[in-house]
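Student: I have a structure to go through before I set up some calculations. Can we start with the charged side chains?

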Amino acid sequence: MEKGIQKLDFSNKKGVSSLLQINDLKNSPGPSRKELRIAMKQAVGLLQDNYPEFVARNIFVNVPFWYYAFNAVLSPFLTQRTKSKFVFARPAKVTETLLSYIPAQQIPVRYGAMKRENDSEFSSAAEECNVTEVIVKSGSTEAIEIPAPETGATLLWDLIVLGWEVNYKEEFVPSDEGSYTMIIQKGKKMGSQEESVRNSFRNSEPGKVVLTVENNTFKKKKVLYRYKTKMISA
């Protein structure tokens, strides 16, 4: 918390002036009554007395059932302004909830998005911001195309599907109709807990990489992806 506050900049209108705090409760043990009282007192003091305006949102992810009881006990001691800053996300809704407040490229892979530690591939601001959204309707298929017009290029991509439960495959389709389509990733069913897909392909002829998402569920699916092309210097 203190490190985050040190990065706040109130002198510049475009500077960071508030914090978004994420609390991961995965594998956290249920509190006893004594622990509950102590945690309640600490939470009230921390959020209301010390940091009343700095925290714009306090997001709790992977929230277990017992925490809702804890929140019910804590709630009467909080002001309405403080309570409005609390956001709770069950394990199945973590990625979707975080995306409501944070860009996909800034959310870690372990939370279902794209940020990787010490990532040397998508490092510049321009590359990180190049995230595109596609909606795949129920019972439909979407083909995402990554152009590769020049020979000898290396194409790199990240892709996530909120909630997954889709069929997914990757292919390289040459521009020359006489050439054969190459399978990069065979089609497979992606479960609900899949992490971000990252893959790459170097083409030996002009064409395009095609990422196919098939949605056989009764709900529409949101796909987020980004890509870059690297040319080998002569």
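Student: What relative accessibility does Lys169 have?

Tutor: Lys169 comes out at 32% relative accessibility, so it counts as partly exposed (buried is under 20% relative accessible area, exposed is over 50% and partly exposed is in between, with a 1.4 Å probe and protein chains only). Its side chain meets that of Glu171 in a salt bridge, at 4.0 Å from N to O.

Student: Where do these values come from?

Tutor: This is a predicted model: local features need pLDDT of at least 70, side-chain atom pairs count only at pLDDT 80 or more, and totals for chains, interfaces and linings use all residues. Residues are numbered from 1 along each chain as its sequence is written, and side-chain values use heavy atoms, with hydrogens and water left out.

Student: How many salt bridges does the structure hold?

Tutor: Ten, where a salt bridge is a side-chain nitrogen of Lys or Arg within 4 Å of a carboxyl oxygen of Asp or Glu. Lys228 and Glu121 form one of them, at 4.0 Å from N to O.

Student: Why does that pair tie together parts that are apart in sequence?

Tutor: Lys228 lies in strand β11 while Glu121 lies in the loop between α5 (94–99) and α6 (125–129), so the pair ties together parts 107 residues apart in sequence. (Helices, H or I with at least four residues, and strands, E with at least two, are DSSP runs numbered from the N terminus.)

Student: Buried or exposed, what is Lys228?

Tutor: Lys228 is buried, with a relative accessible area of 13%. Glu121 is partly exposed, at 21%.

Student: Which other lysine forms a salt bridge with Glu121?

Tutor: Lys230, with the closest N and O atoms 3.1 Å apart. That pair also links distant parts of the chain, since Lys230 is in strand β11 and Glu121 is in the loop between α5 and α6, 109 residues apart. Lys230 is partly exposed, with a relative accessible area of 33%.

Student: And which residues do shared partners join into one network?

Tutor: Salt bridges that share partners connect Asp119, Asp158, Arg198 and Arg226 in one network. Asp158 belongs to β6 and stands opposite Arg226 in β11.

Student: OK, β6 then. How many of its residues are buried?

Tutor: Nine of the nine residues of β6 (residues 153–161) are buried, so the strand is largely enclosed by the rest of the structure.

Student: Which residues sit on which side?

Tutor: Ala153, Leu155, Trp157, Leu159 and Val161 are on one side, with Thr154, Leu156, Asp158 and Ile160 on the other. As background, side chains in a regular strand alternate between the two faces of the sheet.

Student: Which strands pair with β6?

Tutor: Strand β11 (residues 221–231) pairs with β6 over nine bridges, antiparallel, and strand β9 (residues 197–202) over six bridges, also antiparallel. Two strands pair if DSSP finds at least two bridges between them. On the β9 side, Trp157 stands opposite Asn199.

Student: Change of topic: what is the order of the strands in the open sheet of four?

Tutor: The order is β5-β10-β7-β8, with antiparallel pairing. Strands β5 (140–148) and β8 (182–190) are the edges, each pairing on one side only.

Student: How many bridges join β5 to β10?

Tutor: Nine bridges join β5 to strand β10 (residues 207–215). Ala143, for example, has Thr212 in β10 as its bridge partner.
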